[in-house]
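Have the viewer open as you read.

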Amino acid sequence: MQPTRRQFTKKALLAAAGCTALAQQLFAQASSTGYTVRKGDTLGHIAQRHGVSTAELRRANRLSGDLIGVGQKLNIPGQGAATTAIASARNPYLVQSGDTLGGIARAHGISVGELKRANNLSSDVIRIGQTLHTPAIVNTTDLLTHVRAATAKIAVRRDNWQRIVVHHSAIKYGNAKKYDAAHRRRGMQNGLAYHFLIGNGIDSGDGEIEIGSRWTKQLLGGHLKSYQLNLSAIGICLVGNFEQTQPSKKQLAAFTQLMEWLQGDVLKKKIQFAGHRELKGEQTICPGKKFPLAAMHARYD
Ligand SMILES: [Zn+2]
């Protein structure tokens, strides 16, 4: 059995081989501003007002629950690199048979140098079972601000969503508007088949998360062949043909931020993660052989 990322507390993180320096540096870096709790405040409202998630706010203040008191001083985490670095530091990757440093780096959209620095490695030698930190989202700004704001206005059907399925669009062009039109032409009255679309810098921003109306209206997806699966699966699509090219570093950063926010803050449960082709009866190569599906399973299973 493999430890889940939730089991990695700060203490465990600091104790883990090879990442001590990184973890200490990250925790020391976390820039923050202060806020004094007033009457009527809830953790959720304070988080929302400062554009951070409640989980981030809890982490910044070492709170285990939502209980706060009037007059209590809270650290409001900054939205920059420090916050996201902490998030990524909580995502250890367990080296598997056949892994190489180059392969792991590529799969996480970082360079071998970045991976070695993050783990204080002096050589390229790694061993099976070793824990590596994969700082895919270090130095990447928060890509979720607008997604959080849009989601704060709706009632998420938490109990309904049982899995998150990742897709590629299979073409290098397109954005939410264009795919929405295409899907309507194909007879989908709810338009864009996915709940979220992550751009590649051509027709929308690189790593830009576009929110589909199926998310804001909490409607079933149209991204799977099976109607039953569509009822309970959140669909995230990355623009690109990942049979031919890899997703960009920013697309992967956006994807991991979105995944972690959905599981940790929105649904507050660990739900099944799958690549489209892994679902029974779907007969597809989606999301393409160059999408780092194994690395994502290591993070989210
Ligand atoms: Zn697909």
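## Strand β5 and its partner

R163 stands opposite A233 in β8. Strands here are DSSP runs of E with at least two residues, and helices are runs of H or I with at least four, both numbered from the N terminus. β5 and β8 run parallel and are joined by 6 bridges; two strands count as paired if DSSP finds at least two bridges between them.

A word on the ground rules: this is a predicted model, where local features need pLDDT of at least 70, side-chain atom pairs count only at pLDDT 80 or more, and totals for chains, interfaces and linings use all residues. Residues are numbered from 1 along each chain as its sequence is written.

## The sheet around it

Zoom out and you get an open sheet of 5 strands, ordered β7-β6-β8-β5-β9, with mixed pairing. The edges belong to β7 and β9 (272-275), and each has a single partner strand, so one side of each lacks a neighbour in the sheet. On average, neighbouring strands of this sheet are turned by 20 degrees against each other, direction ignored (axes are lines fitted to C-alpha atoms, for helices over the stretch in contact, and angles between N-to-C directions run from 0 to 180 degrees).

How many of the residues of β6 are buried? It's 5 of the 5, so β6 is largely enclosed by the rest of the structure. Buried means that 20 or more other C-beta atoms, placed from the backbone, lie within 10 Å of the residue's own; 12 or fewer makes it exposed, and in between is partly exposed. F196, I198 and N200 point one way from β6, while L197 and G199 point the other way.

β6 pairs with β8 in the parallel sense over 3 bridges, and F196 stands opposite I236 in β8. With β7 the pairing is antiparallel, over 4 bridges, and N200 stands opposite D206. The hairpin of β6 and β7 has 5 residues between the strands, and G201 takes a positive phi near 95 degrees there.

In α9 (residues 176-185), the buried residues are A176, Y179 and D180. They sit on the same side of α9 because they cover an arc of only 105 degrees around the axis, taken from the directions from the helix axis to the C-beta atoms. They pack against β6 (196-200) and β7 (206-211). After α9 comes G187, with a positive phi near 95 degrees.

## Nonpolar cores

A nonpolar core is a set of buried Ala, Val, Leu, Ile, Met, Phe, Trp, Tyr and Cys residues joined through C-beta atoms within 7 Å. The largest has 33 residues, and F196, L197, I198, I209, I236 and L258 touch the most other members. β5, α9, β6, β8 and α12 (249-266) each supply at least two of its residues, with α12 giving the largest share, 7 residues. Apart from this core lies another of 15 residues, including I104 and Y300.

## Whole chain and confidence

Overall there are 13 helices and 9 strands, and 37% of the 301 residues are buried. Of the contacts (C-beta atoms, placed from the backbone, within 7 Å) with a separation of 6 or more, 73% link residues 24 or more positions apart.

The average pLDDT, the predictor's confidence in each residue from 0 to 100, is 81, and 81% of the residues score at least 70. Over residues 1-31 the pLDDT is below 50, and over residues 79-90 it is below 50 too.

Notes: Contact = placed C-beta atoms within 7 Å.
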